[in-house]
Amino acid sequence: MTRGLSNFPAILYSGLWALKTLGLLKRDFSNENVRIIILITDEPPAFMLHIANGDFQVEILEDIVTVDDLNSVESDGYISLPSQIFLGGVEGVLEGIRNKLVTIKGEALIYLGKIGVAF
Amino acid sequence: MEDDNNLSSLERILMILDGEKPERVASMCLGADYDFFYKFMNSPFAITEEEILKFERDRLSFTTPSNQYLIAKFSPPHILPAGLDAKIDMCWQTVIPGSMIKAKNGKGFVFANGSVEKFSIRENGIPSTWYIGPSILTELDFKTYWESEDRLSPQKAQFSFLSKSRKTMLKNYDVVVSQGINGPFENCILGIGPVNFARLARKNPTFLKKHMEFQWNVIEEPSLRLLMDTKPNLVMCGDDYGYNLGLQIPLKQWQEFVKPYLKKYVDIVHDKGVKFIIHTCGDIHELFPDFVEIGIDGVESLQPQMNDLEMYRKKYPEITLLGTIDDTELLKSGTPESVRREVKSYIAKLGKNGGYIPGPTNFLLDQPPENIVALYKAIQEK
């Protein structure tokens, strides 16, 4: 579902798109079927990255607007963080974790790191 | 890593910028947008799995628009066995200093200079980023902006990767990475908008100068210092002054508000013994005498439909002309053969005595990859 994507979901989409275009999604995620949810707490709703078979989808989750909602959708992990932490890059996220501004479940951070090589 | 019996790209480019004539014309490419990358990867020229492994080992970057994977793919076979043998001698990498925040209305992101950019996905699934407007519009916006020094100031970490990236491209692929930041005009006008710029330039020039001085002190000077600490081979800064029919602002305003800061850019770079190139789109013929006066070494873009290139070559021999190969008609709608003919013709007209580094007049967008390969092959031909 790509129509109308903008802002934060579009940033993640562009990273996954670049990985797919180079064939890296197929090479590095070939045996995986991963669903990761990202909630930018001051820019809800959340969105889900679904990676499978060398392809991906980014889906807006209209009903997921707070951290408490994140467990209501089946996923392999989620991350919830304020926009300024997300936009601070790797260092920003690490600082956000130290300051307990980031909520993480499962392997969300590992997958975000894998996508991060595109930026 | 140089050609079999020729100069290295760095030697070749520095000779040209020094007014000497090397053994062949050098080539340049600003970079490529998502559309071109998609077309390229779906063409017979696509980067192979083996090459991707090598680029990963070399820690090249495939971020848009300074996509080093693409640039490296054009290498000759002695550098990259299945390279396209259509060598690019120089590319570009720009640092956007400071932190980005989300726009107040949720539409896009605000950069340190106040410009708002939107990330979106088009109907065809290809990403795009685009400037959508200024964020500093009211007196209160200016006040808030001037109180945000911490967010706007460059971080050392934003520049520290430049040195490694530049050295790898030069050592392993013989490509010079010219590096830079936005120029003073773009930083100002993208943040406050052309209407505000025009109004303040006429009615409150002191206020406009205060804003430009703030951006110089908080963003531009510290960024240039950090950039120069990385010991760049070459600096190219982007500052679009023109549009199709002339300058975006009157020459007198450019001289009053922009030129003093551009001169500071040039001076900081020259103080370290490094050449300074300005990238500026549009018809900019009125600015050449000022470019000479403040010591600019090269001017890049120079769309041929709106610039008298032969006149520039004759009248301003001290300035190297870069770009000049029309990216909107010739490279978009031409054929590899017509591209080759035009490129040879430009080299004959502009590069007989050096002072010329041809390349597409802007980032690669939606041109057929075969035309771009033809362009760089033609530049290499002796």
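Visitor: How many bridges join strand S3 (residues 109-110) of chain B to S4(B), and which way do they run?
Guide: The count is 2 bridges, and S3(B) and S4(B) run antiparallel. Strands here are DSSP runs (E, at least two residues), helices are DSSP runs too (H or I, at least four), and both are numbered from the N terminus. Two strands pair if DSSP finds at least two bridges between them.

Visitor: What should I know about the model and numbering?
Guide: This is a predicted model: local features need pLDDT of at least 70, side-chain atom pairs count only at pLDDT 80 or more, and totals for chains, interfaces and linings use all residues. Residues are numbered from 1 along each chain as its sequence is written, chains are lettered from A and ligands numbered from 1 in the order in which they are written, and side-chain values use heavy atoms, with hydrogens and water left out.

Visitor: Back to that pairing. Which residue stands opposite B:Phe109?
Guide: B:Glu117, in S4(B).

Visitor: And what is the order of the open sheet in chain B?
Guide: S2-S3-S4-S5, 4 strands with antiparallel pairing. S2 and strand S5 (127-134) of chain B are the edges. Each has a single partner strand, so one side of each has no neighbour in the sheet.

Visitor: Which helix of chain A packs on that sheet?
Guide: Helix H1 (residues 7-21) of chain A. H1(A) touches S2, S3, S4 and S5 of chain B, and its direction makes about 60° with that of S4(B). Axes are lines fitted to C-alpha atoms, for helices over the stretch in contact; angles run from 0 to 180 degrees between N-to-C directions. Contact means heavy atoms within 4.5 Å.

Visitor: OK, the interface. How many residues are in contact?
Guide: 27 residues of chain B and 25 residues of chain A. The buried area between the chains is about 2200 Å². That is the accessible area (1.4 Å probe) that two parts lose on being put together, summed over both. Carbon and sulfur atoms give 67% of the area. B:Phe62, B:Lys102 and B:Ile121 supply 28% of what chain B buries against chain A, more than any other three residues.

Visitor: How many salt bridges across the interface?
Guide: The rule finds 2. A salt bridge is a side-chain nitrogen of Lys or Arg within 4 Å of a carboxyl oxygen of Asp or Glu. B:Lys102 meets A:Glu43 (3.2 Å, N to O). B:Glu56 meets A:Arg27 (2.7 Å, N to O). That pair crosses from helix H3 of chain B to helix H2 (residues 24-28) of chain A.

Visitor: How many residue pairs are in polar contact between chain B and chain A?
Guide: The count is 7, with both residues at pLDDT 80 or more. A polar contact is a pair of N or O atoms within 3.5 Å; within protein, one must be able to donate a hydrogen and the other to accept it, and residues adjacent in sequence count only if both atoms are side-chain atoms. Helix H2 (34-41), helix H3 (49-57), strand S2 (101-102) and strand S4 (115-121) of chain B each supply at least two residues of the side that touches chain A.

Visitor: Now chain A. What order does its open sheet have?
Guide: S3-S2-S1-S4-S5, 5 strands with mixed pairing. Strand S3 (55-61) and strand S5 (103-106) of chain A stand at the edges. Neighbouring strands of this sheet are turned by 15° against each other on average, direction ignored.

Visitor: How many bridges join S1 and S4 of chain A?
Guide: 5 bridges join strand S1 (residues 33-40) to strand S4 (residues 77-81), and these run parallel. A:Ile40 stands opposite A:Leu81.

Visitor: Where are the cis peptide bonds?
Guide: One joins A:Pro44 and A:Pro45, with omega about 5°. A:Pro45 lies in the loop between S1 and S2 of chain A. Another joins B:Thr64 and B:Pro65, also with omega about 5°. B:Pro65 is in the loop between H3 and helix H4 (68-73) of chain B.
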